[in-house]
Amino acid sequence: MKQILTALTLGLALASPGLAQNAAEIDRVRAGQSCTGCNLFQADLSYRNLPGIDVSGSRLRQSDLSLATMNRARFVRTDLSIANLFGGRFTGASFAGANLERATLVGAYFGSADFTGANLTGANISGAEMTRVRGLTQAQLSTACGDGSTRLPAGLSVPSCLPHR
């Protein structure tokens, strides 16, 4: 029994670093260098100006991109689940195939960004400016929530985040 517990403990210890953030990769992105397929779990990129950065295929789960300016950035097939994009500027960015499940996009600006195939399940887009986004569908929006100040392309709508009374 002791050998099984030792093996299990060792196995968990070896497996854990793969789930933790990679500080060197986060520093690289903070310096403005692209980092595709990187582990940027819980990275603090708030208030950063990172135009054109490519983090496609990266893990940005639970990361803070609040008030960041990331125009023309590439988030293709990136895990942005539970990430905070509050008030960020993402003009011309690509979120194609990105996972934005339960992410906060409140008050963010997405002028001409690409949302083709993005997962918005449980995402809060209240107050977001999305009038000129591309690839956004009603099916995607039906799984997210917003409010009266959310700006969407003509003909699209989003359920309210506020509970019905």
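Visitor: What pattern does the protein follow, read along the sequence?
Guide: Along the sequence, the protein reads α-α-α. The model is a predicted one. Three helices and zero strands are found in the protein.

Visitor: And how many residues are there, with what share buried?
Guide: The protein has 165 residues, and 40% of them are buried.

Visitor: What about contacts across the sequence: what part joins residues at least 24 apart?
Guide: Of the contacts between residues at least 6 apart in sequence, 5% join residues at least 24 apart.

Visitor: Turning to charges, how many salt bridges are counted?
Guide: The count is two salt bridges. One of them joins the side chains of Arg30 and Asp27, at 3.7 Å from N to O.

Visitor: Where do Arg30 and Asp27 sit relative to each other?
Guide: Both belong to helix α2, and because they are three residues apart there, about one helical turn separates them. Arg30 is partly exposed at a relative accessible area of 30%, and Asp27 is partly exposed at 46%.

Visitor: Which residue does Arg74 pair with?
Guide: Arg74 forms a salt bridge with Asp54, and their closest N and O atoms are 3.8 Å apart. This pair links distant parts of the chain: Arg74 and Asp54 each lie in the loop between α2 and α3, 20 residues apart.

Visitor: Is Asp54 buried or exposed?
Guide: Asp54 counts as buried, because its relative accessibility is 19% and the cut-off for buried is under 20%. Arg74, by contrast, is partly exposed, with a relative accessible area of 39%.

Visitor: Now Asp114: where is that residue found?
Guide: Asp114 is in the loop between α2 and α3.

Visitor: Which side chain of opposite charge is nearest to Asp114?
Guide: That is Arg134, 4.3 Å away.

Visitor: What else does Asp114 touch?
Guide: The side chains of Asp114 and Thr116 are joined by a polar contact of 2.5 Å. Leaving aside neighbours within four places in sequence, the contacts of Asp114 include Ala93, Ser94, Phe95 and Gly135.

Visitor: Last topic, the surface: which residues make the nonpolar patch?
Guide: Tyr47, Leu67 and Phe86 make a nonpolar surface patch of about 330 Å². Leu67 lies in the loop between α2 and α3 and is partly exposed, with a relative accessible area of 36%.

Key:
Residues are numbered from 1 along each chain as its sequence is written. This is a predicted model: local features need pLDDT of at least 70, side-chain atom pairs count only at pLDDT 80 or more; totals for chains, interfaces and linings use all residues. Side-chain values use heavy atoms; hydrogens and water are left out. Patches are made of residues with over 30% relative accessible area and no salt bridge: like charges are joined within 9 Å, nonpolar side chains (Val, Leu, Ile, Met, Phe, Trp, Tyr) within 5 Å. Accessible areas come from the Shrake-Rupley method with a 1.4 Å probe; for residues, only the protein chains shown count as cover. A salt bridge is a side-chain nitrogen of Lys or Arg within 4 Å of a carboxyl oxygen of Asp or Glu. Helices (H or I, at least four residues) and strands (E, at least two) are DSSP runs, numbered from the N terminus. Buried means under 20% relative accessible area, exposed over 50%, partly exposed in between (1.4 Å probe, protein chains only). Lys and Arg count as positive and Asp and Glu as negative; His and the chain ends are not counted. A polar contact is a pair of N or O atoms within 3.5 Å; within protein, one must be able to donate a hydrogen and the other to accept it, and residues adjacent in sequence count only if both atoms are side-chain atoms. Contact means heavy atoms within 4.5 Å.
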